[in-house]
There are 2 protein chains.
Amino acid sequence: MRAHVRIIGTGLIGTSLGIALTNAGYDVALDDPSPTARWLARDLRAGRIDVDEAPDVVVVAAPPDVCGAAVVDALTRWPEAVVTDVASVKEVILREVLSSGADASRYVGSHPMAGRERSGAAAARADLFDGRAWVIVPHDSTDARSVQAVRSIATDVGAAVRTMPAAEHDAAVAAVSHLPQLAASIVAAGLRDLPEPAVGLAGQGLRDVTRIAASDPRLWTQILYGNAPALVHVLREVQEHVAEVVAALEAVAAGRAEGALGTLSRVLEAGNLGHARIPGKHGAPPAAYEVVSVVIPDEPGSLARLFADVGEAGINLEDLQLEHGIGQAVGVAYLSVVPGSVEPLLETLAHRGWRVHQ
Amino acid sequence: MRAHVRIIGTGLIGTSLGIALTNAGYDVALDDPSPTARWLARDLRAGRIDVDEAPDVVVVAAPPDVCGAAVVDALTRWPEAVVTDVASVKEVILREVLSSGADASRYVGSHPMAGRERSGAAAARADLFDGRAWVIVPHDSTDARSVQAVRSIATDVGAAVRTMPAAEHDAAVAAVSHLPQLAASIVAAGLRDLPEPAVGLAGQGLRDVTRIAASDPRLWTQILYGNAPALVHVLREVQEHVAEVVAALEAVAAGRAEGALGTLSRVLEAGNLGHARIPGKHGAPPAAYEVVSVVIPDEPGSLARLFADVGEAGINLEDLQLEHGIGQAVGVAYLSVVPGSVEPLLETLAHRGWRVHQ
């Protein structure tokens, strides 16, 4: 039978995990310092509350700043239990556990790469981990049984397990998660005092770059705080790039163009190369999809009609992006399909009266 | 009858404008130093080529670095014609025109806020300007007739006209367009030398922040180059923010946390505030839509089934985002609808067997 899992902290991640594990047949006990948080999680069917029996596995889903202490506490309170945590930063927590003198062989860190702009149990979703990466972070004294126990939990909620050491994990998320968050926030911060007409020129590019600037400052402050060393390393490189660009643009403004164009295009080309490395759908290498754009009238059911027509053509959409213009009631849908599907798609849609373009 | 418009430069913007104006009943003449570029644009029905008669309006859609010279040349060659350009930066061009001694009263700058990651006539779209902002940039000596002529062209291709002085325009695009491009490129540049497992942790946030890092370096080098002074001003602020964050994180890494949390959360909160100012759909103030998420099986026609079901419920999607997990064949669609539509939508979809979450 499935293990008895105790989840400490019933926020977005803890509650979503509770729901997913309960659905997967686990016996889940919920714990949270806030009674109302516990009750809400229970009502969302994330598990039982006020449970005392010893768990097989403890998952600490507490805020980053109390996570380490909660892991140490769990290792001490339940001498047989495997303990893991789901914090976005792993080295600080590992250090705290190792220095605590608690039995670290039963601790293995983990980090499900899942989240939303919304936080709290109310935003919980049973499928939050579906198809997401779940990083497992063993250390020198972790025993195999503990790694296996956490691996089972991750795979049973549909996540794809990756294993890497704490330092490597923290350096990775600094580059692929924490820097993008800071970049989005800093670009968006520049809009705060912009004149209204200027903000009115915002396009899809700005929207995409700043989408995650809407994230929860309280949570992210703790995440960045917890990954200080790795993040400083990444930000130093950014500072060099920005300084190069500023120097080049100052030279241009001063009428000295030599080398400036070279510097600017080097940065932009480096961006092309880095962007090309981002995995595409389902972590597969980015496939060369063709994009077909369709003009969408802004009326009820128009997207429905479009996709019904696409469906009847038996074509699978690999990706989809919806773009909104301003000042006019019309949008453009970008449909990504495999090259072989472009012709049939264009034909079908044009035949059914859509304004399509490749 | 409609005016005779001569378009100089048959790349993405020039060719798209030619097609849109031809559809709108204008008599369009195309000009480009490259014969093959001219022929392609003509074959795409963007207008006639090898035309000599004097135009009523000249639209210069040449690359930024030759745009000013082309405007001056047009003002001189056709003494009656209104001349505009579509370059993304306006002050450099205005200066060149004013200092040239040509009749500047017939020049009015403009900037259609439209483009794609792809460039060239082959990427042209008749609807490229549909619902986009088109900034008209008059100067002290521009006469009213010239402004009116350019305004007609913009509105006839479906754009929403905005009017602002060159300096104001350049400062605006530095913040809402050029900085986001640099931020995306610099964040993406950091991925170039990242270990493969680290890149494998890339999520939707990174994808969004770096999407425009795929843009054409040749074009963007010229755009950034042309807006050097305004961009330096914006980048100085960015440097201050980054320096603050680095100092705070270094203090944390050195065990001195005082004030660090405050600095980090100030930057993240400023990002929240700036992000909230970005106009939503159709330039309307961002509406409070509710988001319903639906799990999508990765099989042909599944999106079609979803939208058919949404359509039959008679519900209008305000926005849509498709998210791909890694390692598993499943995606999540986020459907934005007005609050009143949430319940009926959840009900309809659940009833039809979809895994929905609010």
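1. Start inside a sheet. V5(A) has V57(A) of β4(A) as its bridge partner. The two strands involved are β1 (residues 4–8) and β4 (residues 57–60) of chain A, which pair in the parallel sense over 4 bridges. Strands count as paired if DSSP finds at least two bridges between them. Helices (H or I, at least four residues) and strands (E, at least two) are DSSP runs, numbered from the N terminus.

2. Know what you are looking at. This is a predicted model, in which local features need pLDDT of at least 70 and side-chain atom pairs count only at pLDDT 80 or more, while totals for chains, interfaces and linings use all residues. Residues are numbered from 1 along each chain as its sequence is written, chains are lettered from A and ligands numbered from 1 in the order in which they are written, and side-chain values use heavy atoms, with hydrogens and water left out.

3. Now the whole sheet. It is open, with 5 strands in the order β3-β2-β1-β4-β5 (chain A) and parallel pairing. At its edges stand β3 (48–49) and β5 (82–85) of chain A, each pairing on one side only.

4. Helices lie against these strands. Helix α2 (residues 35–43) of chain A lies across β2 (27–31) and β3 of chain A, at about 155° to β2(A). Helix α3 (residues 64–77) of chain A packs on the sheet and touches β1, β2, β4 and β5 of chain A. The direction of α3 makes about 170° with that of β5(A). Contact means heavy atoms within 4.5 Å. Axes are lines fitted to C-alpha atoms, for helices over the stretch in contact, and angles run from 0 to 180 degrees between N-to-C directions.

5. Chain A has another open sheet, of 3 strands in the order β6-β7-β8, with mixed pairing. Its edge strands, β6 (109–112) and β8 (160–163) of chain A, each have a single partner strand, so one side of each lacks a neighbour in the sheet. Neighbouring strands are turned by 25° against each other on average, direction ignored. β6(A) runs antiparallel to β7 (residues 133–137) of chain A, joined by 4 bridges. H111(A) has V135(A) in β7(A) as its bridge partner.

6. Look next at the second largest pocket. A pocket, on a 1 Å grid over the protein atoms alone, is an open set of points with protein on both sides within 12 Å along at least five of seven lines; lining residues have an atom within 4 Å of a point. This one holds about 490 Å³ of space. Its lining has 28 residues, with V89(A), V92(A), Y225(A), G226(A) and N227(A) nearest the centre. α3(A) gives the largest share, 6 residues.

7. There are also 4 cavities of 30 Å³ or more. A cavity is a set of points where a 1.4 Å probe fits but cannot get out. Among the 16 residues lining it, A183(A), V238(A), V242(A), A183(B) and V238(B) are closest to its centre. α6 and α10 of both chain A and chain B each supply at least two lining residues.

8. Finally, confidence. pLDDT is the predictor's confidence in each residue, from 0 to 100. Chain A has a mean of 88, and 92% of its residues reach 70 or more. Residues 281–286 of chain A fall below 50. Residues 325–330 of chain A stay under 50 too. Where pLDDT is low, the predicted coordinates should not be read in detail. The model scores ipTM 0.77 and pTM 0.78.

How values were computed:
Points joined across faces, edges and corners; volume = space filled by probe spheres on them.
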